[in-house]
Amino acid sequence: MGAMFRSEEMALCQLFIQPEAAYTSVSELGEAGTVQFRDLNPDVNAFQRKFVNEVRRCDEMERKLRYIEAEVHKDKVHIPSVKDMPRAPNPREIIDLEAHLEKTENEILELSHNAINLKQNYLELTELKHVLEKTEAFFLAQEESGMDSLTKSLMSDETGQQAANRGRLGFVAGVVQRERVPAFERMLWRISRGNVFLRRAELDKPLEDPTSGNEIYKTVFVAFFQGEQLKSRIKKVCTGFHASLYPCPPSNSERQDMVKGVRTRLEDLNMVLNQTRDHRQRVLVSVAKELQSWSIMVRKMKAIYHTLNLFNMDVTQKCLIGECWVPTSDLPNVQKALADGSNACGSSIPSFLNCIETDEVPPTFNRTNRFTRGFQTLIDAYGVASYRECNPALYTIITFPFLFAVMFGDLGHGSIMAMFGLWMVVKEVSLAEKKSNNEIWNIFFAGRYIILLMGLFSMYTGLVYNDIFSKSMNIFGSTWYIPYDNETLENNAALTLDPKHSYVNAPYFIGIDPIWQSADNKIIFLNSYKMKLSIIFGVVHMIFGVCMSVVNYNFFKRRYSIILEFLPQVVFLCLLFLYMVFMMFFKWLAYSTFSTDEAYKQGCAPSVLILFINMMLFSSNEPESGCKEFMFDGQGLVQRVFVLVSLACIPVMLLGKPLYLLATKKKKHEKPEQSNGNVNHGIEMQEQTDISEAAPPKKVESHDHEEEEFSEIMIHQAIHTIEYVLSTISHTASYLRLWALSLAHAELSEVLWSMVLAMGLKTDGYVGAIKLYVAFCFWALFTLAILVMMEGLSAFLHTLRLHWVEFMSKFYSGLGYVFQPFCFKTILEQDEKDD
């Protein structure tokens, strides 16, 4: 947890790798995932880099893998997941993998083409069978009704041989897609002027498209006509509508023989199709077992060659030089990875690492685990911390769920949230393996530890509020008692309990006394209580944020800012707003109905808000008789001194730092950064090559304004001072959202209980049981949807704002850039998200 206090110390290193060991060395570094490479060829086009051909080979292998995967999914073959992550193949294995992928692709292509051709033949034979069977039915029906009537209707009154020749009818038979039949009929009618007799019948079962595998519905048709010219027109129309024409013999016996032959061919073809399908299935199943491993290896290969393109070749063309950022604690691991890479390829010359000094701002790397990653993500969403800046995530682990719980305080609702978070934490391994694409679920799962802590803290604040689903628990016994007799209680709807006679002068063991649940002035009491709590927590939270700036000032050697910025800021905040918190506690402790001093009895306690306003305006109010205007003697003088000192802090914040910088004329001299873009900055210029002796990089100053002109420093400081002075007021008021959301949550919970669940508790018997069941269902639904989900999301967003604006703005700049190491695990996870 201490590693989260500030980001890891980074070192800029040079890598000197022999070309034959470059691939294996970068592969080892990718497995380690501790190095962020820099591009030493920023001006070189991506297509002109040294390893562009290797990248293209990887792209081609990825294309083949995508095709194979598509064919596997097309046949609904399961692709097993990889248990042991394969390493990147060595250069010799790459050639074998490439040849194997080529062979597999060609085999699947050949199987696909053969299957398409067989399915096309099967489709044509099936259509021919249907045409023969349907036309047979047409002719039988025509023979029964008599062919003479059709002939007479189409022939003129001519007689003789000429009339007989004209009376002969030709026909064409085929199939056409069902949705094209109406347009097909209209077109035949128009071209023949009504001289075509069309018979059609729809196929009961859909046919399969050989190419796409989709179902297609078709209709068999027979068109009777007279004359060769009309026959030519009909065939052109059939071609235009993509209708398939099939030969159909005119005699019944020939049609029967042809049907038998077609059926025999269909049976043989179906057998061949089944054998082809089984062979294809066996091939795809065997390929599917290795598909995931091949994909991972190709992605790793591509990532390695992309990284090698960031390297620079020295003038002798015998050494690859790279630059990278490395956490200093991981330098031994990087050296070991380079040694393993050199040994893997049998290189006689070892690769080595050289740390160099630089004035460039390093990337920010906060080492996290499963528990802290979610909290760090909340901070990084505001802005990545500047290098070595104090990290707020460490404190957010406690303050975030606590402030959330102040707004969401309910023992029942908190337990629901805690159980949901606990379920995700306990089942995190199995849930993570499912790799859901649901974005909302992924957000919940990534914040499972945050949800768990928010639920647990909400249970605690619910216990303090004595609130469980809007009801109180009398666990330790109320410290109030009723001094009235039964007759008085029966004759009065409401009675006042005087603390002097009804209170034992001892607080409830923990939290709020359960008697307030039935009090008429419950909301008035809770308003005052929660409002003061929110101001107390807010002021403490802001003071803690201001104090954290001291850690940054001290670390970055800007100790003058402790005197000229921190001290006036914390004095201003404490003398005004911490003093207001002090008055709240003093009022709680000093004023009591059991006090012997009349000035400190009930009814004489002054309003803290009125006292604070009078303090700022240097005004006063006339107290009631027997009471005092102030809480203690000399308070008026103390308040005037506090205000004057606070006002005196403003010019110190405004002018202190600019005048100091002007007087000392402090300037920051930049040292030119060494880069191995030129080999002259290589080994000859750097004597230290041993990691244990390598000096850490020069401490980088945080973002400051010491190099700017005095006028710019003055403008910036004026903006900063005005923002701080005004924000102390606005931010303090902003913490009142703790009170507002807590009150709204409690009231919504009470409304749901009284207007939904209570309706089911008013009736006895079987009807009451049914009403209670229905009422409970609606109450549970609204509780989960409104109070847990919507109110929880609202409280989460308000808590996030309090941390980003009110807390972190006091010390956090967030001007860094994140450390993005070359890591195979991260690359593969990102590829899965993109897919």
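Biologist: How many residues in the lining of the second largest pocket are nonpolar, how many polar and how many charged?

Modeller: This is a predicted model, in which local features need pLDDT of at least 70 and side-chain atom pairs count only at pLDDT 80 or more, while totals for chains, interfaces and linings use all residues. Residues are numbered from 1 along each chain as its sequence is written, and side-chain values use heavy atoms, without hydrogens or water. Ala, Val, Leu, Ile, Met, Phe, Trp, Tyr, Cys and Pro count as nonpolar, Asp, Glu, Lys and Arg as charged, and the others, Gly among them, as polar. On that division the lining holds 26 nonpolar, 12 polar and five charged residues.

Biologist: Which residues lie nearest the centre of the second largest pocket?

Modeller: A pocket is an open set of points on a 1 Å grid over the protein atoms alone, where a 1.4 Å probe fits, with protein on both sides within 12 Å along at least five of seven lines; lining residues have an atom within 4 Å of a point. This pocket has about 1900 Å³ of space. Of its 43 lining residues, those nearest the centre are W480, P499, W516, N521 and F525.

Biologist: Which helix supplies the largest share of that lining?

Modeller: Helices are DSSP runs of H or I with at least four residues, and strands are runs of E with at least two, numbered from the N terminus. Helix 18 (522–555) and helix 19 (560–590) each supply at least two lining residues. The largest share, six residues, comes from helix 18.

Biologist: Why is the pair of F365 and F819 tilted?

Modeller: The whole structure contains 49 aromatic pairs; Phe, Tyr and Trp rings (the six-membered one for Trp) pair if their centres lie within 6.5 Å, and planes under 30 degrees apart count as stacked, over 60 as edge-to-face and the rest as tilted. F365 and F819 have ring centres 5.0 Å apart and planes at 55 degrees, so the pair is tilted. The pair links distant parts of the chain, F365 in the loop between strand 11 (352–356) and helix 10 (373–382) and F819 in the loop between helix 24 (765–807) and helix 25 (824–834), with a separation of 454 residues.

Methods: Points joined across faces, edges and corners; volume = space filled by probe spheres on them.
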